[in-house]
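Biologist: I would like to learn how to read a structural model feature by feature, with the general idea given before the particular case. Could you take me through one?

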Amino acid sequence: MAGIMLTFVIPAAPGKNRLYRNVSASERARAHALGLKLRGRRRTQDYNVWRYAAGWAMRMDGSHARTWEPLTGPVTVEIITGNPRQDSDASIPAIFDLFTEMRVWLDDRQVASHTVRRGPNTRETVVIVRPVEAEARAA
């Protein structure tokens with residue numbers, strides 16, 4: 001897999017404070033009436049909509065379907081985002097979870113390093129994934 005580089009252009013991710021919400025009392029009451037337990041946190045609607053849109057953006061290259069094999073070794077990730085109202089690292093959890101779900105890699109523990117920098121486009125994020133070469137791992 002030497003020399004492989006995957007580049008994805010996806011919609012700008014929501015910040016980490018907009019990914020999950022607490023379960024409301026009315027949701028817990030409805031679940032309890034059905035004999036279920038419902039606790040903790042749930043994905044927000046913004047996060048679900050973004051995951052769906054970003055997943056399709058990853059699968060399409062113009063008008064052509066795109067496929068890839070999951071990377072199995074350590075990888076480096078470069079994220080170029082342009083949202084000036086968001087901390088530069090706020091989108092990392094959402095992007096890493098999406099890339100695990102979309103099987104870019106097997107698990108986000110494979111990410112050896114990541115960098116985030118600002119770009120000019122506020123609506124899109126560019127993510128570049130590169131495998132760590134064997135020589136670099138040995139050094």
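The dialogue below goes through the sheet, the core, the salt bridges and a surface patch.

Biologist: What should I know about the model and its numbering before reading any feature?

Modeller: This is a predicted model, in which local features need pLDDT of at least 70 and side-chain atom pairs count only at pLDDT 80 or more, while totals for chains, interfaces and linings use all residues. Residues are numbered from 1 along each chain as its sequence is written, and side-chain values use heavy atoms, with hydrogens and water left out.

Biologist: How is a sheet read, and what is the strand order of the open sheet here?

Modeller: Helices (H or I, at least four residues) and strands (E, at least two) are DSSP runs numbered from the N terminus, and two strands pair if DSSP finds at least two bridges between them. Here an open sheet of 4 strands has the order S1-S8-S6-S7, and its pairing is mixed. Strand S1 (6-11) and strand S7 (111-118) stand at the edges with a single partner strand each, so one side of each lacks a neighbour in the sheet.

Biologist: What is meant by a nonpolar core, and which residues have the most contacts inside the largest one?

Modeller: In soluble globular proteins, nonpolar side chains tend to be buried together. A nonpolar core is a set of buried Ala, Val, Leu, Ile, Met, Phe, Trp, Tyr and Cys residues joined through side-chain atoms within 4.5 Å, where buried means under 20% relative accessible area, exposed over 50%, and partly exposed in between (1.4 Å probe, protein chains only). The largest such core has 26 residues, and Phe99 and Val129 have the most contacts inside it. S1, H2, S6, helix H3 (92-101) and S8 each supply at least two residues of this core, and H3 gives the most, with 6 residues.

Biologist: Which strands are tied together by the pair of glutamate 78 and arginine 130?

Modeller: In this salt bridge the closest N and O atoms are 3.6 Å apart. Glutamate 78 lies in strand S6 and arginine 130 in strand S8, so the pair ties together parts that are 52 residues apart in sequence. Salt bridges that share partners join Glu78, Arg117 and Arg130 into one network.

Biologist: Finally, which residues make the nonpolar surface patch?

Modeller: Patches are made of residues with over 30% relative accessible area and no salt bridge, like charges being joined within 9 Å and nonpolar side chains (Val, Leu, Ile, Met, Phe, Trp, Tyr) within 5 Å; accessible areas come from the Shrake-Rupley method with a 1.4 Å probe, and for residues only the protein chains shown count as cover. Here Tyr52, Trp56 and Met60 make a nonpolar patch of about 340 Å². Tryptophan 56 is found in helix H2 (residues 45-59) and is partly exposed, with a relative accessible area of 41%.

Notes
Salt bridge = Lys/Arg side-chain N within 4 Å of Asp/Glu carboxyl O.
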